[in-house]
Amino acid sequence: MTEDRRELTPKEQQVIEAYENARPGLGAVAETNIRNEDTGWSKIIEATDESELTKTEERTSRNSFMYRRIGG
């Protein structure tokens with residue numbers, strides 16, 4: 001696992017904030033994944049249109065639990 005301490009891009013910071021808002025504590029997990037070049041997260045974020053990065057919504061699943069979901 002390789003971690004770098006480079007500055008995060010604005011898009012990467014947006015993703016971290018979205019995860020943190022969806023569930024406190026997930027922002028740190030997202031940041032770890034973004035900084036680990038083996039996961040590919042930073043490349044995926046870079047290739048994703050900014051308008052698609054932080055779409056969050058609440059839904060009801062079949063088992064009736066409510067959850068927040070990042071993505072479309």
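**Salt bridges, an aromatic pair and a core**

Reader: Is Glu 31 buried, partly exposed or exposed?
Author: This is a predicted model, and the values are computed from it. The relative accessibility of Glu 31 is 25%. Buried requires under 20%, and exposed requires over 50%. Glu 31 therefore counts as partly exposed.

Reader: Which residue does the side chain of Glu 31 meet in a salt bridge?
Author: The N to O distance is 2.9 Å. A salt bridge requires 4 Å or less, so this pair qualifies. The partner of Glu 31 is Arg 35.

Reader: How far apart in helix 2 are Glu 31 and Arg 35, in helical turns?
Author: Helix 2 spans residues 26-35. Glu 31 and Arg 35 are four residues apart in this helix. The separation is therefore about one helical turn.

Reader: Is Arg 35 buried or exposed?
Author: Arg 35 is found in helix 2. The relative accessible area of Arg 35 is 8%. The limit for buried is under 20%, so Arg 35 is buried.

Reader: Which backbone oxygen does the side chain of Arg 35 reach?
Author: Arg 35 meets Glu 31 in a salt bridge. The side chain of Arg 35 also reaches a backbone oxygen at 2.8 Å. That oxygen belongs to Arg 6.

Reader: How many salt bridges does the structure hold, and which residue meets Arg 6 in one?
Author: The structure holds two salt bridges. One of them joins Glu 31 and Arg 35. In the bridge of Arg 6, the N to O distance is 2.8 Å, and the partner is Glu 12.

Reader: What separates the C-alpha atoms of Glu 7 and Arg 35?
Author: Glu 7 sits in the segment before helix 1. At 69% relative accessibility, Glu 7 counts as exposed. Glu 7 and Arg 35 are 28 residues apart along the chain, and their C-alpha atoms are separated by 9.7 Å.

Reader: Is the aromatic pair stacked, edge-to-face or tilted?
Author: The structure holds one aromatic pair. Tyr 19 and Trp 41 form this pair, 5.7 Å centre to centre, with 35° between the planes. Stacked needs under 30 degrees and edge-to-face over 60, so the pair is tilted.

Reader: Which helices does the pair of Tyr 19 and Trp 41 tie together?
Author: Tyr 19 is partly exposed at 23%. Trp 41 is partly exposed at 25%. The pair ties together parts that are 22 residues apart in sequence, because Tyr 19 lies in helix 1 and Trp 41 in helix 3.

Reader: In what order do the elements of the protein chain run?
Author: The protein chain has four helices and two strands. From the N terminus on, the order is α-α-α-α-β-β.

Reader: What share of the residues in the protein chain is buried?
Author: The protein chain has 72 residues. Its accessible surface is about 5300 Å², and carbon and sulfur atoms hold 48% of that surface. The buried share of the residues is 21%.

How values were computed. Residues are numbered from 1 along each chain as its sequence is written. This is a predicted model: local features need pLDDT of at least 70, side-chain atom pairs count only at pLDDT 80 or more; totals for chains, interfaces and linings use all residues. Side-chain values use heavy atoms; hydrogens and water are left out. Buried means under 20% relative accessible area, exposed over 50%, partly exposed in between (1.4 Å probe, protein chains only). Rings of Phe, Tyr and Trp (its six-membered ring) pair if their centres lie within 6.5 Å; planes under 30 degrees apart count as stacked, over 60 as edge-to-face and the rest as tilted. A polar contact is a pair of N or O atoms within 3.5 Å; within protein, one must be able to donate a hydrogen and the other to accept it, and residues adjacent in sequence count only if both atoms are side-chain atoms. Accessible areas come from the Shrake-Rupley method with a 1.4 Å probe; for residues, only the protein chains shown count as cover.
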